[in-house]
Amino acid sequence: MRYAGLMVCAAIVVLAGCGGGQQVPELVISGVWSRPVAVPAQDSAAGVADTPHAGFNGVVYLQVENRGGAADRLLRAEAEVCAVTELHETIMQEGRMRMQPVTNGLEIPARGRLELSPGGHHVMLMNLKRGLAPGDSIAVQLEFERSGVRTVFSHIRQP
Ligand SMILES: [Cu+2]
């Protein structure tokens, strides 16, 4: 009888544990797409001219929905299609649109979303090793602070 009582207690502890488990991020990544971007002339002069496909970078746009009860953070991205991958933000500076690396990652709030879209945040694929052909897909690894690494496939669209 005493043993049965212990079993009931154990079951309650497990249920309470499940309730606590709500406090984790639950990420759903969707709408992943890419396009090549011509590098402006002043950047091409900076030593990328002799690599294959020099003069072309690429971008990745996507949405991350967080259905969980805790925030997460997109820390970095990686793709084998290019030499360097960075998270960028678009800013207005002296009336011109410019891009700069994001230093501390991008937050996905609890029950919120992060959108990487034209004119805003994006993953920058720098110094492409091969061309991005419309209709193709490329693998991109996204590293999140709490959810770890997720691999997504980005669909190439026309520039
Ligand atoms: Cu960029």
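Arg 130 counts as partly exposed, at 33% relative accessibility; buried means under 20% relative accessible area, exposed over 50%, and partly exposed in between, with a 1.4 Å probe and protein chains only. This is a predicted model, in which local features need pLDDT of at least 70, side-chain atom pairs count only at pLDDT 80 or more, and totals for chains, interfaces and linings use all residues. Residues are numbered from 1 along each chain as its sequence is written, and side-chain values use heavy atoms, with hydrogens and water left out.

**Salt bridges**

- The whole structure holds 4 salt bridges, each a side-chain nitrogen of Lys or Arg within 4 Å of a carboxyl oxygen of Asp or Glu.
- Arg 130 is joined in this way to Glu 80, with the closest N and O atoms 3.9 Å apart.
- Because Arg 130 lies in the loop between strand 8 and strand 9 and Glu 80 in the loop between strand 3 and strand 4, the pair ties together parts that are 50 residues apart in sequence.
- Glu 80 is exposed, with a relative accessible area of 55%.
- Another salt bridge links Glu 143 with Arg 76, at 2.8 Å between the closest N and O atoms.
- Glu 143 belongs to strand 9 and Arg 76 to strand 3, so this pair ties together parts that are 67 residues apart in sequence.

**Strands and overall fold**

- The protein has 2 helices and 10 strands, which are DSSP runs numbered from the N terminus (helices H or I, at least four residues; strands E, at least two).
- Strand 3 (residues 72-78) and strand 9 (residues 137-144) pair in the antiparallel sense over 4 bridges; two strands pair if DSSP finds at least two bridges between them.
- In that pairing, Glu 78 stands opposite Gln 141.
- Strand 3 also runs antiparallel to strand 6 (residues 106-108), joined by 3 bridges, and Leu 74 stands opposite Leu 106 there.

**Copper site**

- His 88 (ND1), Met 99 (SD), His 122 (NE2) and Met 124 (SD) coordinate the copper ion at 2.1 to 2.4 Å; donors are N, O and S atoms within 2.8 Å of the metal (3.2 Å for Na, K and Ca), and since water is not among the atoms, sites may look incomplete.
- The site is tetrahedral, with angles of 87 to 125° among its 4 donor atoms; four donors count as tetrahedral if all angles lie between 85 and 135 degrees.
- His 88 lies in strand 4 (residues 82-93) and His 122 in strand 8 (residues 122-128), so the pair ties together parts that are 34 residues apart in sequence.
- Both His 88 and His 122 are buried.

Note on methods:
Tetrahedral: all angles 85-135°; square planar, octahedral: opposite > 155°, others 65-115°.
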